[in-house]
Amino acid sequence: MITLGKALNHGLRRALEDDPKVVIMGEDVGKLGGVFRITDGLQKDFGENRVIDTPLAEAGIIGTAVGLAIRGYRPVCEIQFDGFVFPAYNQIVAQVAKMHYRSQGKVRLPIVIRIPFGGGIGAVEHHSESPEAYFAHTPGLKVVSCSNPADAYSMIQQAIASDDPVIFFEPKRRYWEKGEVDLSSALPAATPLHSARIVRPGTAATLLAYGPMVRVALDAASAAAEDGRELEVIDLRSLSPIDYPVIFESVRRTGRAVVVHEAPGNVGLGAEIAARITEECFYSLEAPVLRVTGYDIPYPPARVEEEYLPDLDRVLDAVDRSFGW
């Protein structure tokens, strides 16, 4: 049993061992091992040329990674906190996302951009955000989010091995949660990087979640089971592309769907997923697709963040409303 944070550390270590072109770069990732200690010990073992402490300049980190990727390296960039990614946003959407298209397929940018995201840790302003929709909306980027240690270990290696740029969202409130991880091989037989997975089978309704909200959805399913409702929980894992066949098959069986995410509801991933389900599964639906999300406000101060974050009660309320139709 290891934590999600430690699983990421092991996955990064494996990637550095397997490919000398993999480099890690970011603010305090070296001697400190990252603010969450995800890169702890890696600079000591692989040297300052492979695990690079950068200046406090997110645009510079990503811009440098673009140049490295063009020259054949596989940079893994850490954005220290989700709210710090915006200085690098222009580099990501104007360069990282478009280089392959702009070069007519001649240039690939195998860059992984790691972003701790979401709330639940009582952080100050700019340290708890959910910016995933910005990147999922951008053609040319792959966007994924792990929710447990086993996926963290395999998905970070799969992302680094990918020839496409990958935005890798890590649920910071889950860094210390433990789970079983097979560390015996460099890249164990795992779910493909862009595949969703049913993490709890059920027949009454489908709960769709990713990252930090998967645990909330599972807790809600456990509570609903006490009332005789077996909810199916799907961990989306990939936010761009989204694995719609798994979603559609589940919703056609259950007839109901609730999408859960921390980000605000307006123009969020839940809205896109709800629209797609309605288009493809209309005659199977017993109720509208419902969303449980953060509110459409700036992320609140730490002392009231629990009022903002979707929780078990809000998810169960949405399930009740679905059954009320």
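This is a predicted model: local features need pLDDT of at least 70, side-chain atom pairs count only at pLDDT 80 or more; totals for chains, interfaces and linings use all residues.

Biologist: Which residues lie nearest the centre of the largest pocket?

Modeller: A133, Y134, V267, G268 and L269 do, out of a lining of 32 residues. The space in that pocket comes to about 730 Å³.

Biologist: Which elements supply at least two residues each to that lining?

Modeller: Helix 6, strand 12, strand 13 and helix 10 each do. Helix 10 gives the most, with five residues. Sorted by class, the lining of the largest pocket has 20 nonpolar, six polar and six charged residues.

Biologist: Which residues of helix 10 are called buried?

Modeller: The label needs under 20% relative accessible area. In helix 10 it goes to L269, G270, I273, A274, I277 and C281. They cover an arc of only 130° around the axis, so they sit on the same side of helix 10.

Biologist: And what do the buried residues of helix 10 pack against?

Modeller: Their partners are helix 6 (132-136), strand 10 (205-209), strand 12 (238-240), helix 9 (244-254), strand 13 (257-264) and strand 14 (290-294).

Biologist: Now helix 12. Why does its span agree with its number of residues?

Modeller: Helix 12 (residues 312-323) has twelve residues, which should span 16 Å at 1.5 Å a residue; its end C-alpha atoms are 17 Å apart, so the two agree.

Biologist: Which residues of helix 12 are buried, and what covers them?

Modeller: V315, A318, V319 and S322 are the buried ones in helix 12. Their arc around the axis is only 100°, which puts them on the same side of helix 12. The cover includes strand 10, helix 8, strand 11 (231-235), strand 13 and strand 14.

Biologist: What lines the second largest pocket?

Modeller: L4, S147, N148, P149, R174, E177, K178, V199, V214, R215, L218 and D235. Helix 8 (residues 213-225) gives the most to that lining, with three residues. The second largest pocket has a volume of about 190 Å³, and its lining has five nonpolar, two polar and five charged residues.

Biologist: What makes something a cavity rather than a pocket?

Modeller: In a cavity a 1.4 Å probe fits but cannot get out, while a pocket is open. The count comes to one cavity of 30 Å³ or more, and the largest cavity holds about 30 Å³. F117, G118, S130, E132, Y210, P212, M213, H261 and E262 line the largest cavity. By class, that lining has four nonpolar, three polar and two charged residues.

Biologist: Last one: why does E125 count as exposed?

Modeller: The cut-off for exposed is over 50%. E125 has 63% relative accessibility, so E125 counts as exposed. You'll find E125 in the loop between strand 5 (112-117) and helix 6.

Biologist: How far is E125 from P300?

Modeller: In sequence, 175 residues separate E125 and P300, while C-alpha to C-alpha they are 8.1 Å apart in space.

Notes:
Residues are numbered from 1 along each chain as its sequence is written. Side-chain values use heavy atoms; hydrogens and water are left out. Buried means under 20% relative accessible area, exposed over 50%, partly exposed in between (1.4 Å probe, protein chains only). Helices (H or I, at least four residues) and strands (E, at least two) are DSSP runs, numbered from the N terminus. The arc is that of the directions from the helix axis to the C-beta atoms. Contact means heavy atoms within 4.5 Å. On a 1 Å grid over the protein atoms alone, a cavity is a set of points where a 1.4 Å probe fits but cannot get out, and a pocket is an open set with protein on both sides within 12 Å along at least five of seven lines; lining residues have an atom within 4 Å of a point. Grid points are joined across faces, edges and corners, and a volume is the space filled by probe spheres set on the points. Ala, Val, Leu, Ile, Met, Phe, Trp, Tyr, Cys and Pro count as nonpolar, Asp, Glu, Lys and Arg as charged, and the others, Gly among them, as polar. The expected span of a helix is 1.5 Å times one less than its number of residues.
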